[in-house]
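Trainee: I would like to go through some labels and ask what stands behind each one. Can we take them in turn?

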Amino acid sequence: MIKREKIELVKKQKMIAGIDIGEERHCVQFIDNYGEAKGKAKKISNDREGFKRIEEMINGFSGVDHNILFSMEPSGDYWKPLAYYLKDKGYKVVIVNPFHTKQMKELLDNTQSKNDIKDAYLIADLCKQSKFFQPTLSEGVYAELRELNLAWRRTNKSLMQSKNYVNNFLSKYFPEYKRCFSDIYGKSSIYCLEHFPLPEDIRRLGIKRLNRILKRVSRGKYKREKIERLYEKAKESIGIKEGSKTAKGHLKEIIKDIKVLKERKERIKGEMGNYLEKTGYKEYLLSIPGVGVTIGSLFLGEVGEISKYRNSSQIEKLAGLNLVENSSGKRESGLEISRRGRDLLRYAGYMAATNGIAKNPEIKELYRYKMKWIKNPKENKMKVITSIAAKMLRIMFSVCKNKQYYKREEITKGWQRGEEYRGRVRPVNLHKAIYENR
C-alpha cells in the first residue's frame with residue numbers, strides 16, 4: 001500500500017481505534033480525524049467477551065457504522081485473534097511498528113513515561129498520520145504453509161543443536177572420527193555413534209567384528225580400507241577419557257533425537273509439497289533451478305497470496321532485503337540491507353541463492369560477474385550472496401505473478417548488457433557494484 005492509498009484510507013474513516021496489545025488484556029482508545037480522544041481508554045480481556053465489549057463501545061458512537069480503522073502493535077502472536085475477529089466482522093485492520101510508538105512517546109507530552117493508555121493513543125495517532133502497514137493475515141492454504149514453515153524452523157533449529165552436541169562430543173573424545181566418514185550423520189556413522197562412539201569401544205570390538213558390523217549396516221558400501229583406517233585412528237586417538245561414560249549415555253539420547261527430528265523434517269517436507277500443490281504455483285516455482293519444495297513453501301508461506309503485491313520491491317522489503325543508506329554531509333555510509341522484515345523469508349532467499357550458485361548456470365554466472373567488480377572478494381562475498389538472495393526472491397515472485405515457467409533469457413539479459421561496458425566503465429561505489437542490476 002503506497003502513501004497516497006494510506007491517506008485516502010484514513011480520510012474515509014470516521015474514527016480510528018488504537019489498541020495496545022497484551023497477553024491477557026488489551027487497551028483500546030478511539031480518536032476522531034482531528035486526533036481528539038473519544039471517551040476514555042478502556043481495557044478489555046483477550047477473549048470473546050472482551051472482543052464483544054469493543055462492539056459495545058462502537059455502538060455508543062452515533063453514525064459510525066463500520067467506518068472505523070483499527071490499528072494495533074503486532075506483539076508476538078497475541079494480536080492475531082483480535083485481528084482475525086475484527087476482519088471477520090468487516091473492519092479494516094492495520095499494524096503500527098512498535099519501534100515507531102517508542103520513538104513517538106516523548107513527542108506527545110515531552111516525558112519518557114510509558115503506560116498502556118498512552119501507548120493506545122499513540123498507536124491511533126500514528127495511524128491517523130498514515131504511519132501504518134497492512135498486515136499479512138494468512139488464510140486458507142497460505143495459513144497452513146505458514147504454520148508448516150514455523151514447524152520446519154523449530155525442527156531444523158533442534159536438529160542443528162543436536163548436531164552441535166555431536167560435534168562437541170567428537171572434538172573432546174574422538175577428534176579423529178570425522179576424518180573417517182564423509183558424512184558423520186550418514187547411516188553407517190550414526191550406527192557407530194549410537195553403539196560404539198568412543199575409541200576404546202572400537203578397540204574392544206576388534207577389526208574383524210568391526211568390519212562385519214559396518215559391512216552389514218552399510219550393505220557393503222563402506223569399504224574395508226576405511227574400516228581399517230577407523231580402527232587405526234581409534235587405536236591412536238588423543239581423545240580425553242574424563243567424563244566419557246556420562247557423555248556417552250547422553251550422546252545415545254541425542255542420536256535418538258536426531259533420528260526423530262530427521263523423520264519429522266521429512267514428514268513436514270511432504271506436507272509442504274501437498275499444500276504447495278494446492279496454491280497452483282508449485283510447478284512454476286520448481287521450474288527454477290535451485291528452488292525446491294522447502295524453499296517454495298517458505299516463500300509462499302511468508303508472502304501469502306501473490307495477487308496482493310504489485311511488484312517485487314514489496315517482497316524485498318517484506319524480507320528486509322531492501323537497501324538503506326545512512327549518510328550526512330561529507331560522510332557516506334554506503335548501502336546495506338535493512339533487516340526489518342520476515343527473517344524466514346530472508347532465509348528462504350539465502351537458501352535459494354546458495355542453491356542457485358551451485359545448481360543454476362545463470363545464477364552461477366551472475367555470481368561470478370558480480371565478484372569480478374569488487375576488489376576484496378573474500379571480505380564482500382556475503383554481500384554478493386545477499387544481492388543474489390534478493391534476485392532469487394524477485395525471480396520467484398515473477399514466475400508466480402505471471403504464472404509462467406523460469407526463462408533463462410530473462411535472467412541474463414540485464415547483466416549481460418552491462419558486461420559489454422566492463423573495462424570502460426567501473427563503478428566507484430562498492431555497494432553499487434554489488435547491488436547493480438538487482
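Mentor: Start with N322, which sits in the loop between α14 (312–319) and β6 (323–325). Keep in mind that this is a predicted model.

Trainee: Why is N322 called buried?

Mentor: Its relative accessible area is 17%. Buried means under 20%. N322 therefore counts as buried.

Trainee: What makes the pairing of N322 and S338 a polar contact?

Mentor: The side chains of N322 and S338 are joined at 2.7 Å. The cut-off for such a pair of N or O atoms is 3.5 Å. Setting aside neighbours within four places in sequence, N322 also contacts E316, K317, E336 and I337.

Trainee: Now E302. Where is E302, and why is E302 called buried?

Mentor: E302 belongs to helix α13. Its relative accessible area is 1%, and the limit is 20%, so E302 is buried.

Trainee: What does the side chain of E302 pair with?

Mentor: The side chain of R146, through a polar contact of 2.5 Å. Beyond four places in sequence, E302 touches T136, N149, L318, R342, L344 and L345 as well as R146.

Trainee: What is the hand of the crossing of α11 and α13?

Mentor: The crossing is left-handed. K269, M272, G273, L276 and T279 of α11 make the contact with V293, T294, G296, S297 and L300 of α13. By class, that contact has four nonpolar, five polar and one charged residues.

Trainee: How do you know that α9 and α10 are oblique?

Mentor: They pack at an angle of about 130 degrees, with axes 10 Å apart. Roughly perpendicular ends at 115, and roughly antiparallel begins over 145. The angle lies between those limits, so α9 and α10 are oblique to each other.

Trainee: What hand does the crossing of α9 and α10 have, and which residues meet?

Mentor: The crossing of α9 and α10 is right-handed. I207, L210, N211, L214 and K215 in α9 meet R224, I227, E228, L230 and Y231 in α10. The residues of this contact divide into six nonpolar, one polar and three charged.

Trainee: R219 is in the loop between α9 (207–218) and α10 (224–235). What makes the phi of R219 worth a remark?

Mentor: Phi of R219 is near 55 degrees, a positive value in a residue other than glycine. Most residues other than glycine have a negative phi.

Trainee: Why is R219 called exposed?

Mentor: Its relative accessible area is 71%. Exposed means over 50%, so R219 qualifies.

Trainee: What is the phi of S130, and is S130 buried or exposed?

Mentor: S130 has a positive phi of about 65 degrees, and it is not a glycine. S130 lies in the loop between α5 (116–128) and α6 (140–173). At 6% relative accessibility, against a limit of 20%, S130 counts as buried.

Trainee: Why is K38 called partly exposed?

Mentor: K38 has a relative accessible area of 30%. That value lies between the limits of 20% and 50%, so K38 is partly exposed.

Trainee: Where is K38, and what does it touch?

Mentor: K38 is in the loop between β2 (25–31) and β3 (42–45). Residues up to four places away aside, K38 touches M15, Q29, F30, I31, D32 and F61. K38 and F61 are 23 residues apart in sequence, with C-alpha atoms 8.9 Å apart.

Trainee: Last, G349. What makes G349 buried?

Mentor: G349 has a relative accessible area of 0%, and buried means under 20%, so the label holds. G349 lies in helix α15 (residues 343–359). Not counting residues up to four places away, G349 touches A389 and L393. The C-alpha atoms of G349 and F299 are separated by 8.1 Å, at 50 residues apart along the chain.

Definitions and conventions
Residues are numbered from 1 along each chain as its sequence is written. This is a predicted model: local features need pLDDT of at least 70, side-chain atom pairs count only at pLDDT 80 or more; totals for chains, interfaces and linings use all residues. Side-chain values use heavy atoms; hydrogens and water are left out. Helices (H or I, at least four residues) and strands (E, at least two) are DSSP runs, numbered from the N terminus. Buried means under 20% relative accessible area, exposed over 50%, partly exposed in between (1.4 Å probe, protein chains only). Contact means heavy atoms within 4.5 Å. A crossing is left-handed if the near helix is turned anticlockwise from the far one by less than a right angle, and right-handed if clockwise. Ala, Val, Leu, Ile, Met, Phe, Trp, Tyr, Cys and Pro count as nonpolar, Asp, Glu, Lys and Arg as charged, and the others, Gly among them, as polar. A polar contact is a pair of N or O atoms within 3.5 Å; within protein, one must be able to donate a hydrogen and the other to accept it, and residues adjacent in sequence count only if both atoms are side-chain atoms. Axes are lines fitted to C-alpha atoms, for helices over the stretch in contact, and angles run from 0 to 180 degrees between N-to-C directions. Angles under 35 degrees count as roughly parallel, over 145 as roughly antiparallel, 65 to 115 as roughly perpendicular and the rest as oblique.
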